[in-house]
Each structure stands twice: as C-alpha cells, then as structure tokens.
Amino acid sequence: MTHPLSDRINSLPVSETLAMAAKTRELRAEGKDIIGLSLGEPDFNTPDFIKDAAIEAINQNYNSYSPVDGYLELKEAICVKFKRDNVLEYKPSQVVVSTGAKQSIANVMQVLLNPGDEVLLPSPYWVSYSALAILCEAKYIEIPSSIEDDFKITPAQLEAAITPKTKMVFFNSPNNPSGTIYSEAEYRAMAVVLEKYPKIFILSDEIYEHINYETKPFSFAGIESMYERTITVNGLAKAFAMTGWRIGYIGAAEWIAKACTKMQGQITSGANCIAQRAAITAVLAPVSKIQYMVDEFKTRRDIVVGLLREIEGFKVNVPEGAFYVFPDISYFFGKTIKGVKIENANDFAFYLLEKAGVATVTGDAFGAPSCIRLSYAASESQIREAIKRIKEALS
C-alpha cells in the first residue's frame, strides 16, 4: 500500500549523517563494536558554568512561554557577542533566537525564497542546505571545489553560477564538512562580485567560528556593502558543547528578523526557556573559557591528518577549523577490496562501516562525491584505533 504523503516530504532526502548514525546504533545493538566518526557533535560535556546558569534559571522558576524571538536579555547579550567577536553592530530587534541554528537557517530560507528561486551552494556544504532548498521549492546550484584548492571556490566561479533567478548564496566558514576557513581578503573578493547583483542575499553560517586553529574567521557581514544583505547565523551547539540544548540565532536586517519571528511564531514559538537563560551566560563568557576544547580538537586534528596520510589512496589536506577531516578517496573507485567492489564514496563509507567497524559519512551528502567525512570529535584512543582499523581493512 502506498501512503498518501505530500509531494513535499516525498521530495526530501534523508539526512545522510543521521542515517549513518542510525545504522551505527543498529549494528551496536547487534553487538558489533563500531567507532562512530560520523556525527558532528563535540564529545565534551557542557561546561559547568553554563550548567550552573541553567540550574539557577530552574530555581528562579523560568517555566513560561518565552518571547517568540527570544528573551530580550539574551538578544542583548548576542549583540554584545557580535560586536566583541565579529565587529558587527546589531540591535536586539535584528536578532532572532531559534531552536538551533538549523531552525534559524530554515526560517531565513522560508521567508526569502519563492518556488523557482536559485540558491548557490559552494561545495562541499552542510547536508541540510540543499534539503531546505527543496522544501522551499527552490533550486540549489552546486559550485564545485577540490581538495587541491583547500575546498575553496573562486570569485570567477561564483560569478559564473549567478543567473537572473539567483536569490541566495551560502557561505560556511569554518566549513562543515571540510574545516576550510575563508580569509577576509577572499571574502572581500566574493563581495566585489556580489556588489554587481544587489538582489542576492548572503547567508553566512558561522556556527564553528570559535573552533579555529591558525586563522580567525571573518564575518561576511563585516563588509560594509554586504551588511544589509547578509544574514549571520550562529549558535551554541559546537563551541560550547551544547548540541542538545538547541539554541541558534541570527543577526539580520530588521525586516528579515521580523519575518523570521512571524514564521517561527506559527511553527515552534520561542526556544526552550531554560536553555535560553543558560545561553546568556554562554555568549557573554570570554572565548578563553572554552579554549581547552579547541586546543584538544587541534591536537586530534594533527593526529588524524598524520595517520590518514600514511594510508595509500587517501588524499588529505589540513583543515583550519571545525572538527572534521574530508579526505579525497576517489583512488579506490573501481577497485575491488577483499571481494567488495567500490564504485563511489557511498560504497566506501559502508565498506568501512561493515569491514572496519568505523562510521564515517559519504561525501555525496555534502555535494563532494570524491570524499568522505570523518569527525575527530572523539577521544584520541578512539581516533587512533579507528584509523588503524581503516588501514587494516584497506590493506
């Protein structure tokens, strides 16, 4: 029997990262020893000073509906953070707090995109950008990059992808899945192109901004000519190890913020009240309070890159931020390993899951079919064991 589901849901792909996580849980339930390097989730606990703020909010009886766009005190704190970390001037009326940065992005796309509009996605890109475009009945256009160029597109590529239907372009730096960071000069070169097309909006996803190693990320909205057209998206999930607390936010032109509030008011209303109160403490905290996590991620990055470079067929660059490595594994396509034919990155990822007991994610999910993503948000011992297993499974 076919079920009468909407065309909207039938057109939507399943999240590859969540699908791999589900398959990992399934195999573990069968008693198999699987090391998970698939999920984009820090393996640290939320810092105690943030947990203490949440407990205080519970004891102060924060239990009522919060304002749809977030508590004023949190929005004011976010404005302080934007000025301190990004040299961006936003007023509270330009800020909307949502149930995670994913909802922030969905809100923006829903209020700006019409059916048939085009969204430019420099690839590799986070899996949900393309899925959300589909939900908006918009068309997404991938702008390819390669590991040789550190997964960066050029201004010429950007300009070549623009058509009269282009409505939005996405930038994500530090990038998920590649860890790439665009420099200020590189972003300014993109802005020179976009200045010619005043009807195009820019969504700048900066959720990994604090997880950087050599280069401090630059906010696209910091370019004066781009400020009004850029929606800056951020949240607490990654840098503060608060994935389950579900707090994201935007800074945008006031009319966009109002539209997002209107949209959110009919879907979820305000974000969790306790998480919001804790978020005030988190965003006002100096970045030095979470530096221990960043330092540990950097150590792991160096270990992962070093070990993967010892495996024949892995082409690896050095990610500058986030907690992923995104090797090109196209060397294995068309080869048969231990009786298993590898045609693509999907086959390769499932081979590693079945034969090595290591969960990764296929690059197809990110618009980069030559690669796989490994998260190093795992302990050093797990990382070393995982790559040892990968090496053995491929030898």
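Two strands are taken as paired if DSSP finds at least two bridges between them. Strands (E, at least two residues) and helices (H or I, at least four) are DSSP runs numbered from the N terminus. By these criteria, E9 and strand E14 (residues 372-375) pair in the antiparallel sense over 2 bridges. The structure is a predicted model, in which local features need pLDDT of at least 70 and side-chain atom pairs count only at pLDDT 80 or more, while totals for chains, interfaces and linings use all residues. Residues are numbered from 1 along each chain as its sequence is written, and side-chain values use heavy atoms, with hydrogens and water left out.

The pairing of E9 with E14 belongs to an open sheet of 3 strands, ordered E9-E14-E13 and antiparallel. E9 and strand E13 (361-362) form the edges, each pairing on one side only. Within the sheet, Val 325 stands opposite Leu 374 in E14.

Aromatic contacts were examined next. Rings of Phe, Tyr and Trp (its six-membered ring) pair if their centres lie within 6.5 Å; planes under 30 degrees apart count as stacked, over 60 as edge-to-face and the rest as tilted. A search of the whole structure finds 25 aromatic pairs. One of them joins Trp 126 and Tyr 129 edge-to-face, with 5.7 Å centre to centre and 80° between the planes. Both Trp 126 and Tyr 129 are buried, a term for under 20% relative accessible area, with exposed over 50% and partly exposed in between (1.4 Å probe, protein chains only).

A tilted pair is formed by Phe 297 and Phe 323, at 5.0 Å centre to centre and 35° between the planes. This pair links distant parts of the chain, 26 residues apart: Phe 297 lies in helix H11 (residues 291-308), and Phe 323 in the loop between H11 and strand E9 (324-325). Phe 297 and Phe 323 are both buried. Ring pairs also join these two residues with Phe 44, Tyr 208, Tyr 292 and Tyr 324 in a cluster.

Nonpolar cores were defined as sets of buried Ala, Val, Leu, Ile, Met, Phe, Trp, Tyr and Cys residues joined through side-chain atoms within 4.5 Å. The largest comprises 114 residues, and Met 168 and Phe 314 have the most contacts inside it. Leaving aside neighbours within four places in sequence, Met 168 is in contact (heavy atoms within 4.5 Å) with residues including Val 108, Leu 112, Glu 118 and Phe 201. A second, separate core of 20 residues includes Phe 171, Val 193, Ile 202 and Phe 218.
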